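Please keep the sequence and the model in view while reading.

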Amino acid sequence: MTGAHFLSDALAEARLGFGETSPNPAVGAIIVQDGEIVGRGHHTWAGVKHAEVLALEQAGERARGATLYITLEPCSHQGRTPPCADALLAAGVARVVAAMEDPDPRVAGAGLRRLRAAGIDTDVGLLEAEARELNLGFVSRMTRGRPWVRVKIAASLDGKTALANGVSQWITGPDARRDGHRWRARSCAVVTGIGTLKDDDPRLTVRDVPVQRQPLRVVVDSGLRIGLDARILEGGGVVVATASDDSAKTQALTAAGAEVWRLPDPGGKVDLAALMRELARHGANEVLVEAGINLHSALVAVGVVDELVLYLAPHLLGDADVGFNDFDALRL
């Protein structure tokens, strides 16, 4: 078997922890001795042993003189867990093949340099594109200071998301809604606007797929119009991003279990770029937006949308109905 095969296996291992590791990246590790896999592991969630340490524990003495295939450069700094580079040195691993360097400034090649300085043969770059795709949100947060932002839209074939009277629920079917919950499950935060909140009163929780943690739920509400009985406030884990300085409403929302982030822009709206930076500061790697035309267009206009997830239903709603975006903002 080739190195690419073993590294593909490590990528598959990493995917087993995907969606649960934030703010850390998803990482998989395979230890190979004489062409045989003797240890494997993947990062499960922040604060527990990293993938390479789990693989070393499984391999035991067979790790000595073996090759480690790993999706991300081993860390070299003390975080919630000790440096993985030290564990590899202690185990006597002879070679490390990493798909990519860690973009975290605390690592950024230092782990591989440490291993090379100790006499371990290192290679980096094999299947790098696949590894970066796996952790595109983490890479975005480390290199751009903001999460990877994904906008989810359900629309008719003619690009409409609601009837003229504003009715918008259930344009698509159960398969699309279940897939939408999978996108929620992998996201660190789900963002909506006050218009969607007033129209639909969503909870924005993950319900159709099993998860160990719920994403942070964020409401963009410039004027603090959110009602204290809104279903999204149930269970905590909610941020209301606002431009308002209404201290009484802020205190009421805080008492209801929400955090209120005041992020005004010069026009009296929420500074959406600042919101994304703040989400990154709180460890959000991927953000899913489930909102309406106003917030979609505003996010596009400030240049923070990276990806669209578009569900098209086999219906035509007509020109008088509500579209999913302001195409002027898209500069098409």
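In what follows, a residue counts as buried under 20% relative accessible area, as exposed over 50%, and as partly exposed in between. The model is predicted. The secondary structure consists of 12 helices and 14 strands. Among contacts with a sequence separation of 6 or more, 69% join residues 24 or more positions apart.

Two packed helices are described by the angle between their axes and the distance between the axes. Helix α2, residues 51–59, and helix α3 have axes that come within 9 Å and cross at roughly 20 degrees. Angles under 35 degrees count as roughly parallel, and α2 and α3 are therefore roughly parallel to each other. The crossing of α2 with α3 is left-handed. On the α2 side the contact is made by E52, V53 and L56, which meet C84, A87, L88 and A91 of α3. By class, the residues of this contact comprise six nonpolar, no polar and one charged.

Helix α3, residues 84–91, also packs against helix α4, residues 110–117; here the axes come within 10 Å and cross at roughly 25 degrees. Because of that angle, α3 is roughly parallel to α4. The α3 and α4 crossing is right-handed. From α3, the residues A85, D86, L88 and L89 take part, and they meet G111, R114 and L115 in α4. The residues of the contact between α3 and α4 divide into four nonpolar, one polar and two charged.

How accessible is L89, buried, partly exposed or exposed? L89 belongs to helix α3. Its relative accessible area is 31%, so L89 is partly exposed. When neighbours within four places in sequence are left aside, L89 is in contact with L115, A118 and I120. The C-alpha atom of L89 is separated by 9.5 Å from that of R64, which is 25 residues away along the chain.

The cysteines may be considered next. How many disulfides does the chain contain? With a disulfide taken as a pair of cysteine sulfur atoms within 2.5 Å, the count is zero. C84 is in no disulfide, and the nearest cysteine sulfur, which belongs to C75, is 3.6 Å away. C84 has a relative accessible area of 1% and is therefore buried.

The buried residues of α6 are L136, G137, F138, V139, S140 and R141. G145 is placed in the loop between α6 (136–144) and β6 (148–156). Just after α6, G145 adopts a positive phi of about 75 degrees. Because its relative accessibility is 32%, G145 counts as partly exposed. Apart from residues up to four places away in sequence, G145 touches S140, M276, R277 and A280. S140, in turn, is one of the buried residues of α6. G145 and R281 are 136 residues apart in sequence, yet their C-alpha atoms are 7.9 Å apart in space.

A108 has a phi near 45 degrees and is found in the loop between β4 (95–98) and α4. With a relative accessible area of 35%, A108 is partly exposed. For D201, phi is near 50 degrees, again a positive value in a residue other than glycine. D201 lies in the loop between α8 (194–200) and β9 (216–220). Its relative accessibility is 26%, so D201 counts as partly exposed.

Terms used
Residues are numbered from 1 along each chain as its sequence is written. This is a predicted model: local features need pLDDT of at least 70, side-chain atom pairs count only at pLDDT 80 or more; totals for chains, interfaces and linings use all residues. Side-chain values use heavy atoms; hydrogens and water are left out. Axes are lines fitted to C-alpha atoms, for helices over the stretch in contact, and angles run from 0 to 180 degrees between N-to-C directions. Helices (H or I, at least four residues) and strands (E, at least two) are DSSP runs, numbered from the N terminus. Angles under 35 degrees count as roughly parallel, over 145 as roughly antiparallel, 65 to 115 as roughly perpendicular and the rest as oblique. A crossing is left-handed if the near helix is turned anticlockwise from the far one by less than a right angle, and right-handed if clockwise. Contact means heavy atoms within 4.5 Å. Ala, Val, Leu, Ile, Met, Phe, Trp, Tyr, Cys and Pro count as nonpolar, Asp, Glu, Lys and Arg as charged, and the others, Gly among them, as polar. Buried means under 20% relative accessible area, exposed over 50%, partly exposed in between (1.4 Å probe, protein chains only).
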